[in-house]
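The structure under discussion is a predicted model.

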Amino acid sequence: MRGTVLDLRPLRTSAAYRDLWAGSAVGGLGYQVATVAVLLQVWELTHSPVWTGAIGLATAVPLLTLGLVGGHLADVHDRRTIMRLASTGQALAAVGLAAQAVVGNRSVWVLLALVSLGAACNALGAPARRTVPPRLLPADQVAAGLALQNLAFQVAMLVGPALAGLVVARWDLPAAYGLQVAAAVVALFETQARAPL
């Protein structure tokens, strides 16, 4: 579309894509809020830069090791089922993070295990999720759909930490994790795409 910076046709023309995009955007925002909460909680528990840095390891190892497995699963199994299971796992990890904050968990290992579980589910579901826009959109809108997904990711990266700071300052860690739970439930509904995958 000439003269426009952002092509919004995919959001207007495909209800299934719109659901997917909204779920991914909200889920990404919740993930960024939880990331800040985890960093803060690990620091409060340990006052150690090494333990705080271990969060990156707890996230990276599942992403690197299970990303290829997720790609294989997307090739040989129903993508909607994979996305649904992965989103359910992420929601359960979010519930676990909220629960451990509510009960006053003092174990950094429990926290890192829940972070790893969420990252593992993300790694297993992401390849299937990435194949969906071309199946939901006409060929001339696929590039715009991918650009909108990238925009949602970037906005979540920018807005999420600021929102986390406000939530934690006002209501503390359980509220931040509760926000992630709500976002994960919304993201779970994205897997109910109305078009065949």
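Q: Why is Trp51 called partly exposed?
A: The relative accessibility of Trp51 is 28%. Buried requires a value under 20% and exposed a value over 50%, so Trp51 at 28% counts as partly exposed.

Q: Is Trp109 buried or exposed, and how do you know?
A: Trp109 has a relative accessible area of 60%. Because the cut-off for exposed is over 50%, Trp109 is classed as exposed.

Q: What makes Trp51 and Trp109 an aromatic pair, and why is the pair called edge-to-face?
A: The ring centres of Trp51 and Trp109 are 5.1 Å apart, and rings pair if their centres lie within 6.5 Å. The angle between the planes is 90°; because planes over 60 degrees apart count as edge-to-face, the pair receives that name. By this rule the count comes to one aromatic pair.

Q: Why is Gln100 called buried?
A: Gln100, in helix H4, has a relative accessible area of 5%.

Q: How do you know whether Ala94 is buried or exposed?
A: Ala94, also located in helix H4, has 0% relative accessibility. Since buried means under 20%, Ala94 counts as buried. Not counting residues up to four places away in sequence, Ala94 touches Tyr177, Gln180, Val181 and Ala184.

Q: What makes a group of residues a nonpolar core, and which residues have the most contacts inside the largest one?
A: The members must be buried residues of the nonpolar set, joined through side-chain atoms within 4.5 Å. The largest such core has 27 residues, and Val38, Val42, Leu97, Leu111, Leu112, Ala176 and Tyr177 have the most contacts inside it. Helix H2 gives the most to this core, with six residues. Another core, of 13 residues, lies apart from it and includes Leu11, Met83, Leu137 and Leu148.

How values were computed: Residues are numbered from 1 along each chain as its sequence is written. This is a predicted model: local features need pLDDT of at least 70, side-chain atom pairs count only at pLDDT 80 or more; totals for chains, interfaces and linings use all residues. Side-chain values use heavy atoms; hydrogens and water are left out. Buried means under 20% relative accessible area, exposed over 50%, partly exposed in between (1.4 Å probe, protein chains only). Helices (H or I, at least four residues) and strands (E, at least two) are DSSP runs, numbered from the N terminus. Rings of Phe, Tyr and Trp (its six-membered ring) pair if their centres lie within 6.5 Å; planes under 30 degrees apart count as stacked, over 60 as edge-to-face and the rest as tilted. Contact means heavy atoms within 4.5 Å.
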